[in-house]
Amino acid sequence: MRRALWHLAALPVALALAGTSVATAQAESASPLRFVAHTIDTGLTGGYQVVVADLNRDGRPDIIAVTLGLEELAWYENPGWEKHILVSGLERMINLAAHDIDGDGIPELALAHGFATSHERSPGIVSLLTHQGDPTARWSIEEIDRVPTAHRLRWADPEGSGTRVLINAPLLGPAAASPDYRDRLSLFWYRPSDWQRRVLTTEEEGVVHGIFVAPRGDDAGGDEVLSASFLGIHSHRLDAGRWVRTRLTAGDPAPWPASGSSDVAVGELGGQRFLAAIEPWHGNQVVIYRGKGPSWQRTVIDTTIEDGHTIVVGDLDGDGRDEVVVGERRGKRSVYVYATDGAAAESWSRQTIDDGGMAAAGCAIEDLNADGRRDVVCIGTSTANLKWYESRAQ
């Protein structure tokens, strides 16, 4: 069941940081969660994103592995993790989002491929994959659009109508170049009824690395889209046919281009929502934001990760408090779980669930074996592997 997000519409457009505190999570948890690691596949060159969805309508969540270095897109059938090829002959696949458009119980898959970090080398193809009756056989593929550096795709219901639209977030603007990446860029959205490209915002700048869809929680209902960029974390809401952009936090206060946020997720502690972020871009910091009055308190809970690239949030132990899962692609090439023992979120512990065997570029949280406990699944870049970490009772 989706839990409603706090009422972001009540927050002012310009939100000042209440300050930054540091609550180190270096020490391992005194009461660690228990995980058993299972390798699903290896040889996944450039492993980038993992998506969990039921692809064969059997009620069990399957796993899709998106890789930059392979030309095949594969899914793994739960529970034996038999591998099936969806499509082949594609280059530089970067992101995928699953949603059942036609209501047949099997999702269509929106896929961004042809990715590169410059407009000149990136056609930024967005395609729609549809099963042809047997989801274990090859799927059809239809091109929807081309937007250079198309990097993040998500489905959202911004109008609260029950009908989802596709969000497309490119990585950077046409004139952006290392090291500053100074250029404006736009985010886009599409209705499946016509796949016409529509502008969500033209106000982003620098690198937009992460987007996250969450329930609005106000009288309008529906979803809002959070973006993480050099400019910080913003909320985007569709009101009366017009997208409204609100800055929630500036993110890392360091000077550009070490400013802002890289990835964002939403969690809950004691009935209150928080933001979890990696900062800055591909950064070393795990950050928690709690709302206090008209501003957000920024608490850095770890500064030791290297090339942080994925952050997901969920209640892994069933205590009503969400944990934060973070993967680092370089450094120790590990996966960490951060937990707090109280709703105040003033102190966090860190637990390593993969020590050096997973250069996690993407992770997801889901109950994969129907035991009532939520598990973690990750895909690695330099480790080129796919693993699920089965949550076990103490």
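A word on conventions before the tour. Residues are numbered from 1 along each chain as its sequence is written, and side-chain values use heavy atoms, with hydrogens and water left out. As the model is predicted, local features need pLDDT of at least 70, side-chain atom pairs count only at pLDDT 80 or more, and totals for chains, interfaces and linings use all residues.

Let's take the sheet. Four strands form an open, antiparallel sheet in the order 2-29-28-27; strands here are DSSP runs of E, at least two residues, numbered from the N terminus, and two of them pair if DSSP finds at least two bridges between them. Strand 2 (34-42) and strand 27 (360-366) are the edges, each pairing on one side only. Inside, strand 28 (375-380) and strand 29 (385-392) run antiparallel and are joined by 4 bridges. Isoleucine 379, for instance, has leucine 386 of strand 29 as its bridge partner.

Now, which residues touch the most other members of the largest nonpolar core? They are Leu153, Leu166, Tyr190 and Trp195, out of 24 residues. By nonpolar core I mean buried Ala, Val, Leu, Ile, Met, Phe, Trp, Tyr and Cys residues joined through side-chain atoms within 4.5 Å, buried being under 20% relative accessible area with a 1.4 Å probe, protein chains only. Strands 8, 9, 11 and 13 each supply at least two residues of this core, and strand 11 gives the largest share, 3 residues.

Finally, a second, separate core has 17 residues, including Leu55, Ile64, Leu73 and Val87. Thanks, all!

Methods: Buried < 20%, exposed > 50% of the residue type's maximum accessible area, 1.4 Å probe, protein only.
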